[in-house]
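Have the model open and follow along.

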Amino acid sequence: MDAEIDNDVTSQNEERATRNGYGLTPYPSPFDASHLDITAPKRLNRLSSNNDATGESLHLNCPQRSGEAWADDLKRMYDEVLVEKIPDEMVEFLRKLDNGEAFKP
Amino acid sequence: MAKRLNHEEMDFDFKSELTTIIPHLRAFARGLCGRADYADDLVQQALLKAWSARNSFEPGTNMRSWTFVILRNAFLTDMRRNRFRGNYDPDYAERTLSHPADQEDGLNMGDLKAAMMELSPERREAVMLVGAGGFSYEEAAGIAHCAVGTMKSRVARGRRSLEALMRDDQSTMRKYAPAAVSHVDMLEALDVLVRH
């Protein structure tokens, strides 16, 4: 059943991509991780939620945040740490690596 | 002398690259354990081990993956020693939110962090690596020492569990708080949520 829905979605995406003239990847190959941009694909949200016969994600219609939103949050949670200042203790720790002080208990 | 200089240059290059990886290590560690203080402890452990093993690192290969493996091993070792109990501190999470001015935004981020900590470590790690860290399935599988198919399965199940948890209300989040249930109970609860 899911496979059938996937095929439908894939062919719909292909048609839409052709019609609109943009390169929407219809379905990822097993070795293509680009579809893992979890901020993007509704297909994965659909697969991971309670679906009705139309394949629409039921929870997207509810007032709570959609799957895409939490996926954005997840990425943001990670990215926020990237821009944080590295603690002074860690910088000092790096300095100590040179002369072996960091290895002392 | 020339050889020694070359060695020093290699160490310098290694350390420079290692320094650029630190923010990623901190982000990954925080995703794994959910606590900034413990995450930084893990990062320091990983840095120490990476520095000790620097001669085994092949320049030109992916240092981020290499150091993530080291950090992950440090985390697993701590888990086995029961140092880390997965206790999620909502007060701490709220204090460390980056956008406190946006109340709803902050609540959602807090919910996400709480939900992440309810995932099994394997799924949490998979979601962090692939969903947040941007690793491919192959790279993530290499870091987690598992088959690519296993990694895909973990990511898919982790996503489903997270979506279910994020859809759920606060009372359910509290009901399945990690401190209150065993690991097995938690997985069963997640499966129930996913089925619904």
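Start at B:W51 in this predicted model: the charged end of B:R54 sits over its ring, 4.1 Å from the centre. Sitting over a ring here means that NZ of Lys or CZ of Arg is within 6 Å of the ring centre and within 35 degrees of the ring normal. B:R64 does this too, with its charged end over the ring of B:F68, 5.6 Å from the centre.

Now back to B:W51, which pairs with B:F14: the two rings are tilted, 5.9 Å centre to centre with 55° between the planes. Rings of Phe, Tyr and Trp (its six-membered ring) pair if their centres lie within 6.5 Å; planes under 30 degrees apart are stacked, over 60 edge-to-face, and the rest tilted. B:F14 lies in helix α1 (residues 2–33) of chain B and B:W51 in helix α2 (residues 36–52) of chain B, so the pair ties together parts 37 residues apart in sequence. Helices are DSSP runs (H or I, at least four residues), numbered from the N terminus.

The rings of B:F57 and B:W66 make another tilted pair, with centres 5.0 Å apart and planes at 50°. B:F57 is buried as well, at 7%. Put together, B:F14, B:W51, B:F57 and B:W66 form one aromatic cluster.

A few ground rules: residues are numbered from 1 along each chain as its sequence is written, and chains are lettered from A and ligands numbered from 1 in the order in which they are written. Local features need pLDDT of at least 70, side-chain atom pairs count only at pLDDT 80 or more, totals for chains, interfaces and linings use all residues, and side-chain values use heavy atoms, leaving out hydrogens and water.

Technical notes. Helix = DSSP H or I, 4+ residues; strand = E, 2+ residues; numbered from the N terminus. Buried < 20%, exposed > 50% of the residue type's maximum accessible area, 1.4 Å probe, protein only.
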